[in-house]
Amino acid sequence: VCPVGAIIEKDDTDHVWEALNNPNLHVVVQVAPAVRVSLGEELGMGPGSIVTNKIVAALKYLGFDAVYDTDFTADLTIIEEGTEVINRIKNGGTLPVFTSCCPAWVRYTEMYRPEYMDNLSTAKSPHMMQGAMIKGYYAPKYMDTKPENVAVVSIMPCTAKKYEISREEMEVDGVRDVDAVLTVRELGKLIKKN
C-alpha cells in the first residue's frame, strides 16, 4: 500500500504538453532504468522487452530537447550515501543509514516511524539529483540559460515520485528541481496518442 495514496497516477501529460509547446522553455526528460524494460508492454511488446533506443527516438519525436538516463545520478546517489555512511561510522553518527531514494519509504518513515528519521540518508533520490544538476549546472554552463528556462520531466516507474517533486526541499530559489513526473503508463499513452 502506497503511504502517499498514489495507487493510480494523477495524469500529468497535459502539463508536459504545455511545457513542450512553450517556445521559451528547454524541455529535458530523464528516464529511470526500469522504464526501458517496462514500456514495451504498454506498446504491445512482450514483457521485459528492452526498448531503450525506441524510448529515446519517441521522446525526441515528441519534442523533448534532450533525453538523459537517470543511471548517472543513481551512481552519484550511491557515492553520496556511501560517503555519508563512512562519515557516520567515523564520527559516531546514527546507524544504520537507510536510502532516501524511495519517496514512499521516506514518507512512510515521516508518518509512521519518525524514530527512524535520523537513519535516513540526506542525499536526494537519483531523479531529484539529476533535475537539480540539469537546472543548476547544465543549464547555465552548456545552454547559457537560467534554471527557470528549463523544464525537467522524469519518466519513473513509481507514482510516489509525483509526490516527491512537490516536497518543499526539492527547489532552489523558487525553481523546482523536477517539474513533472510521468509514469510508464502515461508515457505509453503519450506515445500512442501521437
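This is a predicted model: local features need pLDDT of at least 70, side-chain atom pairs count only at pLDDT 80 or more; totals for chains, interfaces and linings use all residues.

Modeller: Residues are numbered from 1 along each chain as its sequence is written, and side-chain values use heavy atoms, with hydrogens and water left out.

Colleague: Why is aspartate 144 called exposed?

Modeller: Exposed means over 50% relative accessible area, buried means under 20%, and partly exposed lies in between (1.4 Å probe, protein chains only). Aspartate 144 has a relative accessible area of 71%, so it is called exposed. This residue lies in the loop between helix 6 and strand 3; helices (H or I, at least four residues) and strands (E, at least two) are DSSP runs, numbered from the N terminus.

Colleague: How do you know that aspartate 173 counts as exposed?

Modeller: Its relative accessibility is 78%, and therefore aspartate 173 falls in the exposed class. Aspartate 173 lies in the loop between strand 4 (171-172) and strand 5 (175-176).

Colleague: What makes the phi of aspartate 144 worth noting?

Modeller: Phi of aspartate 144 is positive, about 50 degrees, although the residue is not a glycine. Most residues other than glycine have a negative phi. Aspartate 173 also has a positive phi, near 50 degrees.

Colleague: What joins leucine 95 and proline 96?

Modeller: A cis peptide bond joins them, with omega about -5 degrees. Most peptide bonds are trans. Proline 96 is placed in the loop between helix 4 (71-91) and helix 5.

Colleague: How do you know that strand 1 and strand 3 pair?

Modeller: Two strands pair if DSSP finds at least two bridges between them. Strand 1 (residues 26-31) and strand 3 (residues 150-156) have six bridges, so they pair, in the parallel sense. Glutamine 30 has serine 154 of strand 3 as its bridge partner.

Colleague: What makes strand 2 and strand 6 edge strands?

Modeller: Four strands form an open sheet in the order 2-1-3-6, with parallel pairing. Strand 2 (66-69) and strand 6 each pair on one side only, so they are its edge strands.

Colleague: Which residue classes make up the lining of the largest pocket?

Modeller: Six residues are nonpolar (Ala, Val, Leu, Ile, Met, Phe, Trp, Tyr, Cys and Pro), five are charged (Asp, Glu, Lys and Arg) and four are polar (the others, Gly among them).
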